Amino acid sequence: MMLKYFLIAFFALSILKGQEIRKDGEKPSTFTYDEALEMLKARDSQWEGKLAKADSLIESQKVTIADSEKLILELEEYSKVESVLSEAKSKQIELLKSREKTNEELIKTLQPKWYENTYLWLGIGFILGKI
């Protein structure tokens, strides 16, 4: 996009600058055939240089665009991998939370009840033994 505006500005400025012809610092009113031919050859050589420079700019922009497209594809693939990893981590977190809940319930079931207290039965045994 930027290259398009650059080329338009480049050609517009070169056309505006090329409108005025000077010879030895003065603006001549007439030219001989040889002088006109020489000016046309000089103009053509300038345009060839400018076109070669524009072509090289276009080629470098094509390379840059190709590199950018490769980078975009790599980033999209990386994004997909990251989303899969994120989903797997969220599932792992859910699994760990459910495991923690199950472990807490298991601990509650394994804790001795009040009637399983050995000291309580020892005390009851002493009381019943004295009766």
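How many aromatic pairs does the count come to? The count comes to zero aromatic pairs, where rings of Phe, Tyr and Trp (its six-membered ring) pair if their centres lie within 6.5 Å.

## Basis of the model

This is a predicted model, in which local features need pLDDT of at least 70, side-chain atom pairs count only at pLDDT 80 or more, and totals for chains, interfaces and linings use all residues. Residues are numbered from 1 along each chain as its sequence is written, and side-chain values use heavy atoms, with hydrogens and water left out.

## Fold and surface

The chain has three helices and zero strands, in the order α-α-α along the sequence. Helices (H or I, at least four residues) and strands (E, at least two) are DSSP runs, numbered from the N terminus. Helix α2 spans residues 33–110.

Of the 131 residues, 2% count as buried; buried means under 20% relative accessible area, exposed over 50%, and partly exposed in between (1.4 Å probe, protein chains only). The accessible surface of the chain is about 12,300 Å², by the Shrake-Rupley method with a 1.4 Å probe. Carbon and sulfur atoms account for 63% of that surface.

## Salt bridges

Side chains of opposite charge can pair when their charged atoms come close. The whole structure holds three salt bridges, each defined as a side-chain nitrogen of Lys or Arg within 4 Å of a carboxyl oxygen of Asp or Glu. One of them joins R43 to D44, with the closest N and O atoms 3.4 Å apart. R43 is partly exposed at 42% relative accessible area, and D44 is also partly exposed, at 35%.

A salt bridge at 3.9 Å, N to O, links the side chains of E59 and K62. Both residues lie in helix α2, three residues apart, or about one turn of the helix. E59 is partly exposed, with a relative accessibility of 45%. The side chains of K91 and E87 form a salt bridge at 3.7 Å, N to O. K91 and E87 are separated by about one helical turn because they stand four residues apart in helix α2. K91 counts as exposed at 52% relative accessible area, whereas E87 is partly exposed at 46%.

## Charge over a ring

The charged end of K50 sits over the ring of W47, 5.4 Å from the ring centre. The rule requires NZ of Lys or CZ of Arg to be within 6 Å of the ring centre and within 35 degrees of the ring normal.

How values were computed:
Phe/Tyr/Trp six-rings, centres within 6.5 Å; stacked < 30°, edge-to-face > 60°.
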